[in-house]
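Here is a quick tour for anyone meeting this structure for the first time. Have a look at it, then read on.

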Amino acid sequence: MKAVKTIIFDYGNVIFNIDFKRTQQAFIDLGIQNIEEFFAHKAHDPLFDEFEKGNITAAEWRDGIRRKAKQPALTDKQIDDAWNTLLLGVPEGNHDLLLKIKAQYPTFLLSNNNEIHYEWIMKYLKADFGLTDNSSFFVKDYYSHLLRMRKPNADIFEYVLDTHHLNPEETLFIDDSPQHLKTAQELGLQTYLMTAPDNLQLYFSRNGLLRNL
């Protein structure tokens, strides 16, 4: 493998903690059945793919949840609150680490996201950290619903690589989803699967990529 010269980060469960089990339970409470088929880490209903690609609006996505739950009277707030149970927050030290990494490497964010979660995260960053967004931590931060592409499809990786003239063999991609890493590997990127109890700070404390960490 070549030396790493660029790093691309996933967001959920790499930089920002999320919890699929909390959201599965919240959806069950709304009336959704067969939850492992509908919403899970490795696979989910096409409704989520379309939302993460920005092909449907938040209103259309909520209507899809109502149909799936067979609960037409569910309010927007009930649905949003259930959906946002996924979001926990940024562990202490991760933002400082990202700034150290950016000082030594061109860094990028590549996140599967959606209109509702994106709005929640931006408000959270403002309230808890005084940040308007994530842009200060990366050369560029990319979100699937704004690009109209999502992982694990190759086009979103190719877009970032081509836009920034990155050599995939010299680029490290860190993600918590094996299916995303598979595509990255097929495109020639170096990859690392982030799984608990490992975390970003532990990984960079041992991998030798940073000087004076």
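Where is Arg148 found? Arg148 sits in the loop between H8 and H9, where helices (H or I, at least four residues) and strands (E, at least two) are DSSP runs, numbered from the N terminus.

## Before we start

This is a predicted model, in which local features need pLDDT of at least 70, side-chain atom pairs count only at pLDDT 80 or more, and totals for chains, interfaces and linings use all residues. Residues are numbered from 1 along each chain as its sequence is written, and side-chain values use heavy atoms, with hydrogens and water left out.

His165 belongs to the loop between H9 and strand E6 (171-175). With 74% relative accessibility, His165 counts as exposed; the scale here is relative accessible area, with buried under 20%, exposed over 50% and partly exposed in between (1.4 Å probe, protein chains only).

Then there are the cis peptide bonds. One joins Lys151 and Pro152, with omega about 10°, and Pro152 is placed in the loop between helix H8 (144-147) and helix H9 (154-163). Another runs from Ala196 to Pro197, with omega near 10°. Look for Pro197 in the loop between strand E7 (190-193) and helix H11 (200-206). Why point these spots out? Most residues other than glycine have a negative phi, and most peptide bonds are trans.

## Salt bridges

How many salt bridges are there? The count comes to 15, taking a salt bridge as a side-chain nitrogen of Lys or Arg within 4 Å of a carboxyl oxygen of Asp or Glu. In one of them, Lys123 pairs with Glu119, their closest N and O atoms 3.2 Å apart. Both partners lie in helix H7 (residues 115-129), four residues apart, which is about one turn of the helix. Lys123 is exposed at 54% relative accessibility, while Glu119 is partly exposed at 43%. Lys53 also has a partner: Glu50, with the closest N and O atoms 3.6 Å apart. Glu50 is partly exposed, at 29% relative accessibility.

Now try Arg62 and Asp80, whose side chains meet in a salt bridge of 2.8 Å, N to O. Arg62 lies in helix H4 (residues 58-69) and Asp80 in helix H5 (residues 76-84), so this pair ties together parts that are 18 residues apart in sequence. Arg62 is buried, with 13% relative accessible area, and Asp80 is buried as well, at 16%. The two also belong to a salt-bridge network that links Arg62, Asp63, Arg66, Asp76 and Asp80. Asp63 is a residue of helix H4 and is partly exposed at 36% relative accessibility.

Two packed helices are described by the angle between their axes and the distance between the axes. The axes of H4 and H5 come within 10 Å and cross at roughly 90°, with axes being lines fitted to C-alpha atoms, for helices over the stretch in contact, and angles running from 0 to 180 degrees between N-to-C directions. That makes H4 roughly perpendicular to H5 (under 35 degrees is roughly parallel, over 145 roughly antiparallel, 65 to 115 roughly perpendicular and the rest oblique). On the H4 side, Trp61, Arg62, Ile65 and Arg66 meet Asp76, Ile79, Asp80 and Trp83 of H5, where contact means heavy atoms within 4.5 Å. These residues divide into four nonpolar, no polar and four charged. For those classes, Ala, Val, Leu, Ile, Met, Phe, Trp, Tyr, Cys and Pro are nonpolar, Asp, Glu, Lys and Arg are charged, and the others, Gly among them, are polar.

H5 also meets H7: their axes come within 10 Å and cross at roughly 70°. H5 and H7 are therefore roughly perpendicular to each other. Asp80, Trp83 and Asn84 of H5 make this contact with Ile116, His117 and Trp120 of H7. By class, the contact of H5 with H7 has three nonpolar, two polar and one charged residues. Asp80 touches both Arg62 and Ile116, leaving aside residues up to four places away in sequence.

## The nonpolar cores

The largest nonpolar core has 54 residues, a core being a set of buried Ala, Val, Leu, Ile, Met, Phe, Trp, Tyr and Cys residues joined through side-chain atoms within 4.5 Å. H7 gives the most to this core, with five residues. Apart from it lies another core, of 15 residues, including Tyr142 and Phe157.
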